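The sequence and the structure come first, and the discussion follows.

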Amino acid sequence: MDKRFLIANWKMHPVGVKKAKEIFSGAKEKASRSKNVELVVCPPYVFIPPLQEEYSGKKIKFGAQDCFYEERVGSYTGEVSPGMLAENGVAYVIIGHSERRELWEDDKTVNSKVRAAINQGLKVVVCIGERQRDPDGAYFSSLRKELEESLRGLHRSELHRVLIAYEPLWAIGKTEKEAIDPEELHTMKIFIRKVLSENYDKNVALKVAVLYGGSVNSANIEELLKGDVDGFLVGRAGRKPEEIKVMLEVLNKK
Ligand code: PGA
């Protein structure tokens with residue numbers, strides 16, 4: 001895969017638009033020299049239009065952190081549809097982040113959202129990851145289930161819209177030393193591709209970007225890249241322009 005991804009999930013930060021613009025303008029500057037990396041900025045919904053107004057370039061794409069499973073409009077108080085995102089300049093949506101799965105989303109909900117978002121032409125970052133690891137390796141089968149259920153019903157021709165973010169829960173929000181080690185990451189990437197090729201075929205599976213998320217930052221990104229993933233989904237480091245700069249440099253290198 002020649003393109004790499006850096007997806008910055010801002011989560012529920014910051015609280016005001018002024019700060020959001022500050023972070024974004026830092027990212028914008030750092031992204032301008034990036035060549036082969038797709039930088040996707042995923043702020044809270046309210047900040048997307050004001051940030052879009054500040055940007056006319058092509059290096060940064062906008063993403064949302066979630067969407068609803070009804071595609072366009074309807075009586076669903078509080079929800080945002082994938083159609084709204086697609087029609088308003090948003091290219092990507094993260095679905096099934098573990099923090100949403102912790103709240104209430106199960107694989108079935110995630111699957112409905114994935115399908116709706118794909119129907120509306122969005123690129124979908126589907127998050128999967130085990131809560132903890134057991135010595136017998138049962139987490140492989142729970143991961144397989146999560147992956148298969150989240151993608152259920154997708155046609156092979158739709159898979160080019162899907163990116164998989166492998167985010168083990170035990171590695172999220174920790175220090176960089178607690179992130180996964182590159183060899184294990186490589187094993188997980190191969191496993192994810194294997195499950196995809198069993199469900200579709202090898203050629204399709206090879207084209208699906210597999211990303212890693214969980215305590216990635218400028219200090220460990222180079223090491224983690226040895227796990228041969230196609231990019232990273234970052235939380236905290238994605239809200240710091242200086243971190244973004246170094247991470248983009250590393251991803252642009254090879
Ligand atoms: P973190 O978050 O990079 O702050 O660990 C990652 C995530 O939750 O996607």
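## Packing of α1 against α10

A crossing of two helices is called right-handed if the near helix is turned clockwise from the far one by less than a right angle, and left-handed if it is turned anticlockwise. In this predicted model, the crossing of α1 and α10 is right-handed. Helix α1 spans residues 17–31 and helix α10 spans residues 241–253, and the two pack at an angle of about 20° with their axes 8 Å apart. Because angles under 35 degrees count as roughly parallel, α1 is described as roughly parallel to α10.

On the α1 side the contact is made by Ile23, Gly26, Ala27, Lys30 and Ala31, while α10 contributes Pro241, Glu242, Ile244, Lys245 and Leu248.

## The nonpolar cores

The largest nonpolar core holds 69 residues, of which Leu6, Val93, Leu151, Ile164, Tyr212 and Phe232 touch the most other members. Helix α7 (residues 182–199) gives the most to this core, with six residues. A second, separate core is made up of 13 residues, among them Val40, Cys127, Ala165 and Ala209.

## Tyr212 and Leu224

When residues up to four places away in sequence are not counted, Tyr212 touches Tyr166, Pro168, Ala171, Ala179, Ile180, Leu185, Leu224, Val229, Gly231, Phe232 and Leu233.

One of these partners, Leu224, lies in helix α9 (residues 221–224). Leu224 counts as buried because its relative accessibility is 2%, and buried means under 20%. Apart from neighbours within four places in sequence, Leu224 is in contact with Ala179, Ile180, Leu185, Tyr212, Val216, Val229 and Phe232. The C-alpha atoms of Leu224 and Glu184 are separated by 9.9 Å, the two residues being 40 residues apart along the chain.

## Backbone details in two loops

The loop between β1 (4–9) and α1 contains Pro14, and the peptide bond from His13 to Pro14 is cis, with omega near -15°. Lys11 is also placed in the loop between β1 and α1, and although Lys11 is not a glycine, its phi is positive at about 55°.

A positive phi, near 65°, is found for Asp228, likewise a residue other than glycine. Asp228 sits in the loop between α9 and β8 (231–234), and with a relative accessibility of 42% Asp228 counts as partly exposed.

Methods. Residues are numbered from 1 along each chain as its sequence is written. This is a predicted model: local features need pLDDT of at least 70, side-chain atom pairs count only at pLDDT 80 or more; totals for chains, interfaces and linings use all residues. Side-chain values use heavy atoms; hydrogens and water are left out. Axes are lines fitted to C-alpha atoms, for helices over the stretch in contact, and angles run from 0 to 180 degrees between N-to-C directions. Helices (H or I, at least four residues) and strands (E, at least two) are DSSP runs, numbered from the N terminus. Angles under 35 degrees count as roughly parallel, over 145 as roughly antiparallel, 65 to 115 as roughly perpendicular and the rest as oblique. Contact means heavy atoms within 4.5 Å. A nonpolar core is a set of buried Ala, Val, Leu, Ile, Met, Phe, Trp, Tyr and Cys residues joined through side-chain atoms within 4.5 Å. Buried means under 20% relative accessible area, exposed over 50%, partly exposed in between (1.4 Å probe, protein chains only).
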